[in-house]
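Hi everyone, thanks for making the time. I'd like to walk you through some ring contacts and a bit of strand pairing, so let's bring the structure up.

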Amino acid sequence: MTLTADSKGRWAEERAESFLKAKGYHLLASRYKCKQGEIDLIMADLETLVAVEVKYRRQFQDGAESLSLRQKQRIQNAVCYYLSQDANLSFKYPFIRFDVVLLCQTQKPFHIINAWQLQDDFYGI
């Protein structure tokens with residue numbers, strides 16, 4: 001039986017979620033979608049809200065290179081929208097971080113902490 005791209009994505013996200021939970025992260029949302037974009041996993045790491053992009057490829061390098069600037073911007077916009085839905089979230093998680101979890105069949109997950117940062121123009125500076 002061949003897995004569809006969607007079922008592979010779900011499997012990868014579940015595996016990444018378990019991996020991060022084992023590191024002490026707490027799940028806030030999975031497969032979060034809004035008109036601004038989507039986020040595979042929204043996790044909490046102490047006082048930091050972590051938006052996690054999960055990439056499953058044959059090789060880690062392929063996954064790392066597949067994250068485009070447009071995708072990063074959509075994830076950033078989705079995080080802002082997520083935070084705007086509950087004012088308490090910004091107080092509970094005053095820090096935001098963008099991580100990537102790379103998965104392939106032959107190796108353990110590879111976690112890139114703080115894979116990218118918000119640019120000054122994101123804040124209108």
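Here's one to start us off: are Phe-98 and Trp-116 buried or exposed? Both Phe-98 and Trp-116 are buried. Do keep in mind that what we're looking at is a predicted model.

Let's take Tyr-32 and Tyr-82. Their ring centres sit 5.0 Å apart with the planes at 80°, and because planes over 60 degrees apart count as edge-to-face, that's what we call this pair. If you trace the chain, Tyr-32 belongs to strand β1, residues 26-34, while Tyr-82 belongs to helix α3, residues 69-84.

Now back to Phe-98 and Trp-116. This aromatic pair is stacked, with 5.0 Å from centre to centre and 20° between the planes. Phe-98 comes from strand β4, residues 95-104, and Trp-116 from strand β5, residues 107-116, so the pair ties together parts 18 residues apart in sequence.

β1 runs antiparallel to strand β2, residues 37-45, and seven bridges join them. If you'd like one to find on screen, look for His-26, whose bridge partner in β2 is Ala-44. Together β1 and β2 make a hairpin, with two residues between the strands.

Thanks, everyone!

Key. Residues numbered from 1 in each chain as written. Predicted model: local features only at pLDDT ≥ 70, side-chain atom pairs only at ≥ 80, totals over all residues. Heavy atoms only, no water. Phe/Tyr/Trp six-rings, centres within 6.5 Å; stacked < 30°, edge-to-face > 60°. Helix = DSSP H or I, 4+ residues; strand = E, 2+ residues; numbered from the N terminus. Buried < 20%, exposed > 50% of the residue type's maximum accessible area, 1.4 Å probe, protein only. Pairing = 2+ DSSP bridges.
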